Amino acid sequence: SSHVSGGGGGGGGVKRSRRGSVKAASSVVLTRGLAPGMVRLACGETHVSVSEAHLGKLWALYARSRPSPMPPAAAERFPEAAFCVVARQLSLQAACPPSVFETLRQDLGMRHEGRRARAAS
């Protein structure tokens with residue numbers, strides 16, 4: 001589950017604030033606990049909301065693409081990378097008419113996040 005609002009952009013490292021948020025030098029702020037099971041990533045006035053589960057999947061993919069052990073600087077860039085991925089995903093979903101998703105579902109058996117729909121019994 002994801003949501004986006006506002007306008008903005010950016011890039012940089014991460015800093016922890018006193019309120020449990022993580023702030024990137026690019027002004028990407030990761031905040032947990034605003035809604036049950038959800039995380040907010042904000043860059044300037046633009047923010048995206050994503051489930052903890054989705055963020056965990058993004059972290060796993062991000063970690064797999066980095067050397068092991070992951071350098072601290074790479075780990076610090078994760079909020080920015082997650083913000084970019086989620087914002088792009090939501091932009092694509094908003095730009096495509098419902099007929100595109102219906103065609104993907106009917107012709108290719110695809111659901112969200114690239115998973116194939118199960119055949120009806």
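This is a predicted model: local features need pLDDT of at least 70, side-chain atom pairs count only at pLDDT 80 or more; totals for chains, interfaces and linings use all residues.
## Overall layout

The chain contains four helices and six strands. Along the sequence the order is β-β-β-β-β-β-α-α-α-α. Of its 121 residues, 25% count as buried. Among contacts with a separation of 6 or more, 42% are between residues 24 or more positions apart.

Strand β4 covers residues 28-32 and strand β5 covers residues 38-43; the two run antiparallel and are joined by five bridges. Leu30 has Leu41 in β5 as its bridge partner, and Thr31 has Arg40 in β5. The two strands form a hairpin with five residues between them. Gly33, in the turn of this hairpin, has a positive phi of about 85°.

β5 also pairs with β6, again antiparallel, through six bridges. Here Val39 has Val50 in β6 as its bridge partner. The hairpin of β5 and β6 has two residues between its strands, and Gly44 in its turn has a positive phi of about 65°.

## Burial of β6

Strand β6 spans residues 46-51, and six of its six residues are buried. Both of its faces are covered. One side carries Thr46, Val48 and Val50, and the other carries His47, Ser49 and Ser51. Val50, the bridge partner of Val39, is therefore among the buried residues of the strand, with a relative accessible area under 20%.

Helix α3 runs over residues 78-95. Its 18 residues should span 26 Å at 1.5 Å a residue, and the C-alpha atoms at its ends are 26 Å apart, so the two values agree. The buried residues of α3 are Phe78, Pro79, Glu80, Ala82, Phe83, Val86, Ala87 and Leu90. An α-helix has 3.6 residues a turn, so residues three or four places apart point the same way.

α1 and α3 pack with their axes 11 Å apart, at an angle of about 115°. The crossing of α1 past α3 is right-handed. On the α1 side the contacts involve His54, Leu55, Leu58, Trp59 and Tyr62. On the α3 side they involve Phe78, Ala81, Ala82, Val85, Val86 and Gln89. Phe78, Ala82 and Val86 meet α1 and are also among the buried residues of α3.

## Salt bridges

The count of salt bridges comes to two. One is formed by Glu52 and Arg32, whose closest N and O atoms are 3.2 Å apart. Glu52 lies in helix α1 (residues 52-64) and Arg32 in strand β4, so this pair ties together parts that are 20 residues apart in sequence. Glu52 counts as partly exposed because its relative accessibility is 32%. Arg32 is also partly exposed, with a relative accessible area of 47%.

Glu102 and Arg105 form a salt bridge as well, with the closest N and O atoms 2.6 Å apart. Both residues are in helix α4 (residues 98-108); because they are three residues apart, about one helical turn separates them. At 32% relative accessibility Glu102 is classed as partly exposed, and so is Arg105 at 43%.

## The cis peptide bond

The peptide bond from Ser68 to Pro69 is cis, and its omega is near -5°. Pro69 is placed in the loop between α1 and α2, where α2 covers residues 72-76.

How values were computed. Residues are numbered from 1 along each chain as its sequence is written. Side-chain values use heavy atoms; hydrogens and water are left out. Two strands pair if DSSP finds at least two bridges between them. The expected span of a helix is 1.5 Å times one less than its number of residues. Buried means under 20% relative accessible area, exposed over 50%, partly exposed in between (1.4 Å probe, protein chains only). A salt bridge is a side-chain nitrogen of Lys or Arg within 4 Å of a carboxyl oxygen of Asp or Glu. Axes are lines fitted to C-alpha atoms, for helices over the stretch in contact, and angles run from 0 to 180 degrees between N-to-C directions. A crossing is left-handed if the near helix is turned anticlockwise from the far one by less than a right angle, and right-handed if clockwise. Contact means heavy atoms within 4.5 Å.
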